Amino acid sequence: MPPVTLKIDRHGPVTLIRLDRPKALNALNAELLRELAEALGEADRDPTVRVIVLTGSDRAFAAGADIREMAGMTYPEIFRINLYADDTGRIRATRKPLIAAVAGYCLGGGCELAMMADFIIAADTARFGQPEITLGVIPGMGGTQRLTRLIGRAKSMEMHLTGRLMDAAEAERAGLVARVVPAAELIADALGTAEAIAQKSQIAVFAAKEAVHQADEMSLSAGVLNERRLFQSLFGTEDQKEGMNAFLEKRPPVYRDR
Ligand code: CAA
């Protein structure tokens, strides 16, 4: 059955997934999270897909977890079903590069979802925040951890305690987003970036993604050792020979993912 909360399009080797609950500013309800986890899993399994771009609308990437859906829930219920654990685990486990292209509101669970991507490209209209404190709760999809790692404790703490929003320029300065582009160019820019990644050796891309993410999980010395081993292991690939020979022969490389 096609998803009802997402629009999915192919652009060559890139899958573009659009969150599509416009009436609720793309609030993340259970159905959307399940469909997104499934769509990412499918893209991961499809050998013709090399990179995934996740976006929302001009007005909102996503305005948070669905408040209407969770307002009446009780602690025993939310604990028993372990709300958000399964789907966010599956989203985070996506192996192919995942770029979040963010315009408009990117709040609460929306900001947490964007931070689950490998990096964020923001439109100049983007506004980020973790406003859960205003609702009498705190983030539940990793916001306190990922935002703190990305922008540092002072700014993260201030945002979590006050619920204030951050504009795109501040988000870029703080290290939350990779780049800011004019809103009208957001999708073309994200697709172009994805296309550039799609041209690389997929084995090296997987290794780079894995190594960078380990920076959040490992000590510096363990992370550097892990990186060195991954680097060394790439010398067992044909793509390493092709990449380096192509450079020496002054021609573009042709990678075969071997
Ligand atoms: N959940 C459910 N519905 C939402 C929503 C959300 N997070 N955010 C917006 N909507 C709905 C509104 O209820 C409204 O629906 P109706 O037309 O049926 O009333 C519609 O989207 C449009 O929203 P507004 O009329 O409020 O639009 P606005 O332009 O005046 O304001 C906004 C935009 C500032 C983003 C405002 O909607 C807002 O503050 N939203 C909530 C943001 C928030 O608190 N997010 C955190 C959610 S909790 C969370 O995410 C927990 C977690 O970490 C897992």
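The model is a predicted one, in which local features need pLDDT of at least 70 and side-chain atom pairs count only at pLDDT 80 or more, whereas totals for chains, interfaces and linings use all residues. Residues are numbered from 1 along each chain as its sequence is written, and side-chain values use heavy atoms, with hydrogens and water left out.

Helices (H or I, at least four residues) and strands (E, at least two) are DSSP runs numbered from the N terminus. In helix 6, G143, L147 and I151 are buried, a term that stands for under 20% relative accessible area with a 1.4 Å probe and protein chains only. Seen down the axis of helix 6, these buried residues fall within an arc of 20 degrees, so they line one face of the helix; the arc is that of the directions from the helix axis to the C-beta atoms. An α-helix has 3.6 residues a turn, so residues three or four places apart point the same way. The buried residues of helix 6 pack against helix 5, helix 7 (153-162), strand 9 (166-167) and helix 8 (168-174), and just after helix 6, G152 takes a positive phi of about 90 degrees.

D66 lies in the loop between strand 4 (60-62) and helix 2 (67-70), and is buried, with a relative accessible area of 8%. Its side chain makes a polar contact (a pair of N or O atoms within 3.5 Å, one able to donate a hydrogen and the other to accept it) with the side chain of R21 at 2.8 Å, and the side chain of D66 also reaches the backbone nitrogen of R68 at 2.9 Å. Leaving aside neighbours within four places in sequence, D66 is in contact (heavy atoms within 4.5 Å) with R21, A27, L28 and N29.

The largest pocket has a volume of about 870 Å³. Of the 33 residues that line this pocket, R92, A117, D118, V212 and H213 are the closest to its centre. Helix 10 (202-214) is one of the elements that give two or more residues to this lining, and the largest share, eight residues, comes from helix 10.

The second largest pocket has a volume of about 680 Å³, and of the 27 residues that line it, M70, I78, Y84, V137 and I138 are the closest to its centre. Helix 3 gives the most to this lining, with three residues.

A pocket is an open set of points on a 1 Å grid over the protein atoms alone, where a 1.4 Å probe fits, with protein on both sides within 12 Å along at least five of seven lines, and lining residues have an atom within 4 Å of a point.

Technical notes. Buried means under 20% relative accessible area, exposed over 50%, partly exposed in between (1.4 Å probe, protein chains only). Grid points are joined across faces, edges and corners, and a volume is the space filled by probe spheres set on the points.
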